[in-house]
Amino acid sequence: MAFNLLNKDIDTLTCPALVVFSKASSQKDKLAKVTHNELNKQLVDSISEKTITGKHQEAITFREFNISGYRHLIVVGLGKENEITHESVRQSVASALEAIKALNVKEAALHFDGITTAKKDAADFAKAVAEGLVLTSYVFDELKSTTKAKKSEDELNVHVVTKLAADKAVKAAFHEGSVLANVVNFSRRLGDMPGNLMTPTILADSAVAAAKGITNLKVTVWDKARIKKEKMGGLLGVAAGSDQEPRFIIMEYKGAAASKKPVCFVGKGLTFDCGGISIKPGAGMEEMKYDMCGGANVIGTLLAIAQLKLKVNAVGLVASTENLINGSATKPGDVHTARNGKTFEVNNTDAEGRLILADALSYATELAPQVICDAATLTGAMVVALGNTHTGYFTRNSALKTKIEKAAVQSGEWVWNMPLTDFHLKDMKGVYADLSNISSGKGAGSATAAAFLEQFVGEGIPWAHFDIAGTGWAVGNRLPYAPKKGASGAMIRTFVEVAKQYV
């Protein structure tokens, strides 16, 4: 599919399909209004009969409408005018694209000027439209033998038609939205690939290939021998049960003066997790290919920052391995030593993500960054707490909390600040080592995991942990621009917004 911003009057085009929008009235007894004035008059019966209500994401298709050079008409609801946000626009545009695809046409025009009459919202909404279209276009079907027969969908062109297309802010916003969404789709694909086709080596090679040709972005990959030399005992301990070698991926973007400290993003890259000797239940284990979504999304974050040429130095670190079982696998009760010298008892081999992150966070600390944010599909407890709507995050730094909340508002992603206290740390103290990888108490499994990770972050460095166990995949029932079962690309957009605050 192809999407472009077109500087035209919508009434001068000829196209198989036209998308216009409708808005519900904020007053109970008033009818909806279609954003195209002439069509609002022609659709008066549909409006009065409440076929068109303006309800958010409502998509009404009028086949063979045949008006002003357009064969089909689609009217998509934006909701109440006083409640329209860039996120509601993103979702409504997703509904619009699905309706266009259902018509099986090769070209469509989308009437952008009707979305908002406020110039101040134009850029934000243009970015949201680009994101909504590109994100919704993602389909993971490359492993199906019938994919080659489905070419018509790929040939679809959607023109976002607006008189503001030449406006610098609107053009820049549409471009940024396209870049972000394409990067999210790239990271989704990494997550959706099965474990046999997305090993730690393949993940590292994918990061190298994706960065090729991008100015000021360098990727370095450490193999098992280098990881051992660098004393990453957590990563090596988890990797011991797999025939696949681990990889440690370092992505460095130089967008500012060399003297400026970087912002650092850390990701968990478990390309498959059976739980090790503390094996998971068989039902649903196939979803554990998604245990590398934190790592995939950190790779995506660095790609986005570099492609957008942000004036910031940024580093992405991904610790990647499988967690499987062989004769060398870590056993419950084993003790390993992390890069920073702290020891931990592995009392449950299925609490492995925190072990590989321990080494990555220790390395991040050595870079003396301005901030560290990590992303991981870390705990089932987070799914219990927040489901698949909000990403729970932990930080004790109030200034960073403010930045994260601002970033999430800008990105449209939903986050929720979770508690992190010394009591949670107390529950992670070890008996035979400095720490245990599971809590000695009951409950608060996400908070105690965060308390464990905190022990590998240098004192004074602002740090936040994002647990995407509930939002890393299968969020399509919440977000119409996300796959129903596949990877979501969670937190990439928010992480980019965090990085902007350090420019």
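Predicted model: local features only at pLDDT ≥ 70, side-chain atom pairs only at ≥ 80, totals over all residues.
Which residue of β13 stands opposite Asp-334? The first point below gives the reply within its sheet.

1. Residues are numbered from 1 along each chain as its sequence is written, and side-chain values use heavy atoms, with hydrogens and water left out. Asp-334 stands opposite Val-346 in β13. Strands β12 and β13 (residues 343–346) pair in the antiparallel sense over four bridges; two strands pair if DSSP finds at least two bridges between them. They belong to an open sheet of three strands, ordered β12-β13-β17, with mixed pairing. Both β12 (334–337) and β17 (435–436) are at the edges with a single partner strand each, so one side of each is left without a neighbour in the sheet. Helices (H or I, at least four residues) and strands (E, at least two) are DSSP runs, numbered from the N terminus.

2. Helix α10. This helix (residues 353–366) has 14 residues and reaches 20 Å from its first C-alpha to its last, close to the 20 Å expected at 1.5 Å a residue; the expected span is 1.5 Å times one less than the number of residues. Of the 14 residues, 12 are buried, so α10 is largely enclosed by the rest of the structure. Buried means under 20% relative accessible area, exposed over 50%, and partly exposed in between (1.4 Å probe, protein chains only). Just after α10, Ala-368 takes a positive phi of about 50°.

3. A link from α10 to the sheet region. Glu-366 forms a salt bridge with Arg-339, with the closest N and O atoms 2.8 Å apart; a salt bridge is a side-chain nitrogen of Lys or Arg within 4 Å of a carboxyl oxygen of Asp or Glu. Glu-366 lies in α10 and Arg-339 in the loop between β12 and β13, so the pair ties together parts that are 27 residues apart in sequence. Glu-366 is partly exposed at 46% relative accessibility, whereas Arg-339 is buried at 18%.

4. Other salt bridges. The structure holds 25 salt bridges. One of them joins the side chains of Lys-106 and Glu-155 (3.4 Å, N to O). Lys-106 is partly exposed, with a relative accessible area of 42%, and Glu-155 is partly exposed at 43%. Glu-87, Arg-90, Glu-131 and Arg-493 are linked in a network of salt bridges.
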